[in-house]
Amino acid sequence: MTTDDGDRQPARGGTPTTIRRHDKGLPTQIGYYRDGYGNQLSSKTQRRFNRLRKWDDRAKASSTHLQSLRTGLGEIARLVSATDLPTSIHDRAARLFRDAWDANLLRGRSIEAIATASIFAACRLERLPRFLEELATVARVEETDIKNAYKLLNRELDLATPPPLPQDFLPRLANAVDAHRRVERRAHQLVTAPAVGILANGRQPAGVAAACLYHAHKESEMKNLRLTQQRLADAGYTTSTTIRNVRRKLLALNDASDLPDPDATLADYPR
């Protein structure tokens, strides 16, 4: 390859390296049915390539230590696909799992639990929280195992995970119940209000976000949208009792004029 200055540089091909794969994306690829010119391989050559692929696959993870890395990163890829998480979460989770693997935290523990906990921790670190129950539904381990693995990662890797806030869960809840944009906008005003921030201390963040969304819906007096406490509770992995109790606190704050008035931007959204 020649640059604009006329210098010669070695050309490279293939995909870029990635920490998502145990070999960092530099594998050996052995064909199946055709050669490099597109010609059909004979049955004898195909059988020989089958044996070569088998031994090549074994050589990529020749020890149980390497096999655990490949298994864990493969499980992370599966979970990311199942939960439709962005690539930033995939990369962060793969990096956390590699750190746990380097620290020998996998010895005597479930690889799947550490992999799922890595995704949960990555979501917390990237401020894109996911419900633990949501991950448990697609994971291959129990919810308790994921909790214990997350505590292990948090302790041994000194993860500076920020506490989840109600506003972190609001967009997902609004999308799950198909809330009107006007309602979501007003709910965001509520969850970011100082008085609601004090109210949220010691309470489930998703429950506070759901209560603010329900309060904003009732405040809007929209009759053409069915948004119930039970729908919000199911979407937020909380209970209707929690939403009802927080709503009572919101009504008290509203009576005390501690809640912000709807701003002018709400007028841009028709009822």
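**Notes on the predicted model**

1. In this predicted model, the count of aromatic pairs, taken as rings whose centres lie within 6.5 Å, comes to three. In one of them the rings of Phe 120 and Tyr 150 have their centres 5.0 Å apart and their planes at 80°, so this pair is edge-to-face. Because Phe 120 belongs to helix 4 (residues 111-125) and Tyr 150 to helix 6 (residues 143-156), the pair ties together parts that are 30 residues apart in sequence. Both Phe 120 and Tyr 150 are buried.

2. The rings of Phe 131 and Tyr 237 also have centres 5.0 Å apart, but their planes stand at 50°, so the pair is tilted. Phe 131 sits in the loop between helix 4 and helix 5 (132-138), whereas Tyr 237 sits in the loop between helix 11 (229-235) and helix 12 (240-255), and the pair thus links distant parts of the chain, 106 residues apart. Phe 131 is buried, with a relative accessible area of 7%, while Tyr 237, at 34% relative accessibility, counts as partly exposed. Ring pairs also bring in Phe 169, which forms a cluster with Phe 131 and Tyr 237.

3. As for the overall fold, the secondary structure comprises twelve helices and zero strands. Of the 271 residues in the protein, 41% are buried. Among contacts between residues at least 6 apart in sequence, 70% join residues at least 24 apart. The protein exposes about 15,700 Å², and carbon and sulfur atoms supply 47% of that area.

4. The largest pocket has a volume of about 310 Å³, and of the 16 residues that line it, the closest to its centre are Phe 120, Arg 124, Arg 130, Phe 131 and Leu 132. Two or more lining residues come from each of helix 4, helix 5, helix 6 and helix 10 (205-220), with helix 6 giving the largest share, four residues. By class, this lining divides into nine nonpolar, one polar and six charged residues.

5. The second largest pocket has a volume of about 160 Å³, and 13 residues line it, of which Pro 164, Leu 165, Pro 166, Gly 197 and Ala 200 are the closest to its centre. Helix 7 (166-176) and helix 9 (194-200) each supply at least two residues of this lining, and helix 9 gives the most, with three residues. The lining of the second largest pocket has eight nonpolar, four polar and one charged residues.

Terms used
Residues are numbered from 1 along each chain as its sequence is written. This is a predicted model: local features need pLDDT of at least 70, side-chain atom pairs count only at pLDDT 80 or more; totals for chains, interfaces and linings use all residues. Side-chain values use heavy atoms; hydrogens and water are left out. Rings of Phe, Tyr and Trp (its six-membered ring) pair if their centres lie within 6.5 Å; planes under 30 degrees apart count as stacked, over 60 as edge-to-face and the rest as tilted. Buried means under 20% relative accessible area, exposed over 50%, partly exposed in between (1.4 Å probe, protein chains only). Contact means heavy atoms within 4.5 Å. Accessible areas come from the Shrake-Rupley method with a 1.4 Å probe; for residues, only the protein chains shown count as cover. On a 1 Å grid over the protein atoms alone, a cavity is a set of points where a 1.4 Å probe fits but cannot get out, and a pocket is an open set with protein on both sides within 12 Å along at least five of seven lines; lining residues have an atom within 4 Å of a point. Grid points are joined across faces, edges and corners, and a volume is the space filled by probe spheres set on the points. Ala, Val, Leu, Ile, Met, Phe, Trp, Tyr, Cys and Pro count as nonpolar, Asp, Glu, Lys and Arg as charged, and the others, Gly among them, as polar.
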